[in-house]
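Please keep the sequence and the structure open beside them.

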Amino acid sequence: MSDKTVQITDSATNKTATFPIVTGTLGPPAIDIGKLNKETGYFTFDPGFAATAAARSAITFIDGDAGVLLYRGYPIDQLAKQSNFLEVSYLLLNGQLPDKAKFSAFEDEITHHTMMHEALKNFLHGFHHDAHPMAMLCGSIASLSAFYHDTLDMDDPEQRRLAAIRLIAKMPTIAAAAYRYSIGWPIRYPRNNLDYVTRFLHMMFEVPSEPLQLSPIVAKALDLLFILHADHEQNASTSTVRLVGSTGANPYACVAAGIAALWGPAHGGANEAVLKMLAQIGDAKNVGKAVEKAKDKNSGFRLMGFGHRVYKNFDPRATIIRDMCHKLLADLNVNDPLLDVAMALEEVALKDSYFVERKLYPNVDFYSGLIYKALKIPTEMFTVMFAIARTSGWVAHWLEQHLDPETRIGRPRQIYTGSVKRDYVGFDKR
Ligand code: CMC
């Protein structure tokens, strides 16, 4: 809290009310309007929460104008270069980088919670074989609260911690199982001798008949994508997890709600939408037409993978992903014509005054799909990949919220635009 205040004067009554200014360690200050309604009778109107901070959080910081992203204070490019996804998960959950012993203990605990309950297989088999894997993931994760109903006392810090570990550990197992079910392959059990990302790749692609050969860059690229997607402060899915969490709901239900929010094409579903869009454009020579269409508000078409609520500059994650995309495709000797389409699209859009004026830059989802494609991950699984990574952010926020004395049930108000009070009339008088 700072000493500064803001005064609001109602021009109709000339009454003035004073509100405190709240500051964090970084970022712009905010007006604490918690008592606004009590003192003035007004609510605020902020569709999409474009000007609203919903919580104090010490996990992730974004400076959208400067293109800065910090996890617990560490710049994303340093973590991308030097860390790994599991260490980043520890950092997000615990606030500090682990020493070797703490990291080993964390990795060991995650590794020993990767199995899914055998009965969950029956649950998966209840889905139609061509169900979208996000639908299967969302349903299966919600069902975990039925499997672990004996450890759902959310007032117990140890039960909360265990739920966080279980979610990070089981998400890849369930995701891979959903994929294999959808293509009719037998489910692979997690192998404890592998690291988190390599284990996931084995659960996805290993067949009983032959060993899986993986180039080291494959796990490296996926690990990088997981680091970059691990958290992003109060984004739509994390805010959903927090909103559901504010009611006291169990963490499996909260994370299932987060998965549902992530699925939308304006959020995590954009990576799948980008690839479909690039395929539709088909060739670099059609890029100009696509950009014109995206500028036409009546077309209903947007450039997927472009624009961001917070970044009004390059999304720092997009730059890192673009570099990895080039490296991976070169290393794997993949010649993907869609990469040429993506590069041409980026070049044309970044020079176009519509995109320049609105500060629309490629976001994290623009190049990630091309990496997933090169890793042979099917398009329907792209948002599932995002969900696996974002789970560590979701549970970090859920844990933080449980320790925050300011947490209250999330309950926005509205501007009612319906009918004024009227009397019911029977059929004969309507
Ligand atoms: N293509 C064309 N025009 C766009 C685009 C786009 N991708 N994004 C925004 N605009 C225009 C929009 O029409 C508006 O124009 P005007 O001021 O003339 O009305 C202006 O830019 C501001 O857009 P907005 O919709 O008010 O911005 P927002 O902050 O509400 O939405 C967004 C942010 C990410 C939903 C939006 O940029 C978008 O739909 N992008 C495409 C989907 C996408 O790539 N989503 C992934 C986001 S990053 C990862 C994640 O969150 O999961």
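1. Which residues of helix 11 are buried? In this predicted model, the buried residues of helix 11 are Pro-251, Tyr-252, Cys-254, Val-255, Ala-256, Gly-258, Ile-259 and Leu-262. These buried residues pack against helix 6 (133-147), helix 7 (157-183), helix 10 (236-245) and helix 18 (382-403).

2. Helix 11 covers residues 251-263, and at 1.5 Å a residue its 13 residues should span 18 Å, which agrees with the 18 Å that lie between its end C-alpha atoms. At the start of helix 11, a side-chain oxygen of Asn-250 comes to within 2.9 Å of the backbone nitrogen of Tyr-252, and Tyr-252 is itself one of the buried residues of the helix.

3. Turning to the sheet, 3 strands form an open, antiparallel arrangement in the order 1-2-3. Strand 1 (5-9) and strand 3 (30-31) stand at the edges with a single partner strand each, so one side of each has no neighbour in the sheet. Strand 1 is joined to strand 2 (residues 16-22) by 5 bridges, and Ile-8 stands opposite Ala-17 in strand 2.

4. As for the ligand, 22 residues surround it, the closest being His-267, Arg-302, Leu-303, Gly-305 and Arg-309. A backbone N or O atom of Leu-303 lies 2.7 Å from a nitrogen atom of the ligand, whereas polar side-chain atoms lie 3.0 Å from a ligand oxygen in the case of Arg-358 and 2.9 Å from a ligand oxygen in the case of Asn-363. Taken alone the ligand exposes 930 Å², and the protein buries 74% of that.

Conventions
Residues are numbered from 1 along each chain as its sequence is written. This is a predicted model: local features need pLDDT of at least 70, side-chain atom pairs count only at pLDDT 80 or more; totals for chains, interfaces and linings use all residues. Side-chain values use heavy atoms; hydrogens and water are left out. Two strands pair if DSSP finds at least two bridges between them. Helices (H or I, at least four residues) and strands (E, at least two) are DSSP runs, numbered from the N terminus. The expected span of a helix is 1.5 Å times one less than its number of residues. Buried means under 20% relative accessible area, exposed over 50%, partly exposed in between (1.4 Å probe, protein chains only). Contact means heavy atoms within 4.5 Å. A polar contact is a pair of N or O atoms within 3.5 Å; within protein, one must be able to donate a hydrogen and the other to accept it, and residues adjacent in sequence count only if both atoms are side-chain atoms. A residue is near a molecule or strand if one of its heavy atoms lies within 4 Å of it. Accessible areas come from the Shrake-Rupley method with a 1.4 Å probe; for residues, only the protein chains shown count as cover.
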